[in-house]
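Work through these exercises with the structure open beside you. Try each task before you read its solution.

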Amino acid sequence: SQEKNPITLLKALNLFEKPCNVTFCGSQNNLDYFNTFKSLFDNLPNHIQKTYIQELPHEQIKSLFLETDVMVLPSLGENFGHAIFESLAFSTPVIVGNNTIWNHLEEQKIGFEIEPLSHLQLLEKLNLISDFTQSQYEDYQNNAFQKALNFYHSNNFEENYNKLFS
């Protein structure tokens, strides 16, 4: 959807010079926007292997994240960003728009924030993370999981869930 801003990622990938696999996941809710997305998607360079999944059953989300090196969501705005939290919970670093509650990501070594409409800034972060050593990447993975775990515990989700259903 336009709010999730996949076109910025497509523009960055069009300039990304390294081979990679990218999976876009999400339903279409604006046909004109989807047609623009699909045109850019279909014309990505040949070294970019691409997949589009309209909807993903909930039980398959974990396997998708476990196959993902970085989740990119240059969203124009998120109240919370459940997909961002899920990504962190599966130890997947993120690159997100700078207008979410998820900030100071680079300082915490869990991901990066970008100006949502800046495909050049996104390209810079894609290049940066693709040049990580294995050790650097593992630090980001571990920190991502720890961030999600800390968030979960600090908000007493288990206790609140038990209160709700007891």
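**Exercise 1: a serine in a helix**

At 0% relative accessibility, serine 87 counts as buried. The model is a predicted one.

Task: Find the helix that holds serine 87, and list what serine 87 touches, leaving out residues up to four places away in sequence.

Solution. 
- Step 1. Locate the residue: serine 87 is part of helix H4.
- Step 2. Recall the cut-off: buried means under 20% relative accessible area. Serine 87 has 0%, so it counts as buried.
- Step 3. List the contacts. Serine 87 touches Phe65, Met71, Thr92, Pro93 and Val94.

**Exercise 2: a three-stranded sheet**

Task: Give the strand order of the open sheet. Which strands stand at its edges?

Solution. 
- Step 1. Read the order: E3-E4-E5, with parallel pairing.
- Step 2. Find the edges. Strand E3 (71–73) and strand E5 (111–114) each have a single partner strand, so one side of each has no neighbour in the sheet.
- Step 3. Check one pairing. Strand E4 (residues 94–97) and E5 run parallel, joined by 4 bridges. Glycine 97 has isoleucine 114 of E5 as its bridge partner.
- Step 4. Recall the general rule: strands of a sheet pair through backbone hydrogen bonds.

**Exercise 3: the two sides of H6**

Task: Compare the span of helix H6 with the expected value. Then say where its buried residues lie around the axis.

Solution. 
- Step 1. Take the span. H6 covers residues 134–154, which is 21 residues, and reaches 30 Å from its first C-alpha to its last. That is close to the 30 Å expected at 1.5 Å a residue.
- Step 2. Pick out the buried residues of H6: Tyr137, Tyr140, Ala144 and Ala148.
- Step 3. Look down the axis. The buried residues of H6 fall within an arc of 65°, so they line one face of the helix.
- Step 4. Link this to helix geometry. An α-helix has 3.6 residues a turn, so residues three or four places apart point the same way.
- Step 5. Turn to the face away from the buried side. Gln134, Asn142 and Ser154 are exposed there.
- Step 6. Ask what covers the buried residues of H6. The cover includes helix H4 (82–89) and E5.

**Exercise 4: the nonpolar cores**

Task: Which residues have the most contacts inside the largest nonpolar core? Which element gives the largest share of this core?

Solution. 
- Step 1. Start with the core itself. The largest one has 27 residues, and Leu9, Leu13, Phe24, Ile95, Leu122 and Leu126 have the most contacts inside it.
- Step 2. Find the contributors. Elements that give two or more residues include helix H1 (6–15), helix H2 (31–42) and helix H5 (119–130). H1 gives the largest share, 5 residues.
- Step 3. Zoom in on leucine 13. Beyond residues up to four places away in sequence, leucine 13 touches Cys20, Val22, Phe24, Leu44, Pro45, Ile48 and Leu126.
- Step 4. Look for another core. One of 14 residues lies apart, with Phe65, Met71, Val94 and Trp102 among them.

**Exercise 5: positive phi**

Task: Is asparagine 5 buried or exposed?

Solution. 
- Step 1. Asparagine 5 is in the segment before H1. Its phi is positive, about 65°, although it is not a glycine.
- Step 2. Asparagine 5 has a relative accessible area of 5%, so it is buried.
- Step 3. With a relative accessible area of 42%, lysine 109 is partly exposed.

Terms used:
Residues are numbered from 1 along each chain as its sequence is written. This is a predicted model: local features need pLDDT of at least 70, side-chain atom pairs count only at pLDDT 80 or more; totals for chains, interfaces and linings use all residues. Side-chain values use heavy atoms; hydrogens and water are left out. Two strands pair if DSSP finds at least two bridges between them. The expected span of a helix is 1.5 Å times one less than its number of residues. Buried means under 20% relative accessible area, exposed over 50%, partly exposed in between (1.4 Å probe, protein chains only). The arc is that of the directions from the helix axis to the C-beta atoms. Contact means heavy atoms within 4.5 Å. A nonpolar core is a set of buried Ala, Val, Leu, Ile, Met, Phe, Trp, Tyr and Cys residues joined through side-chain atoms within 4.5 Å.
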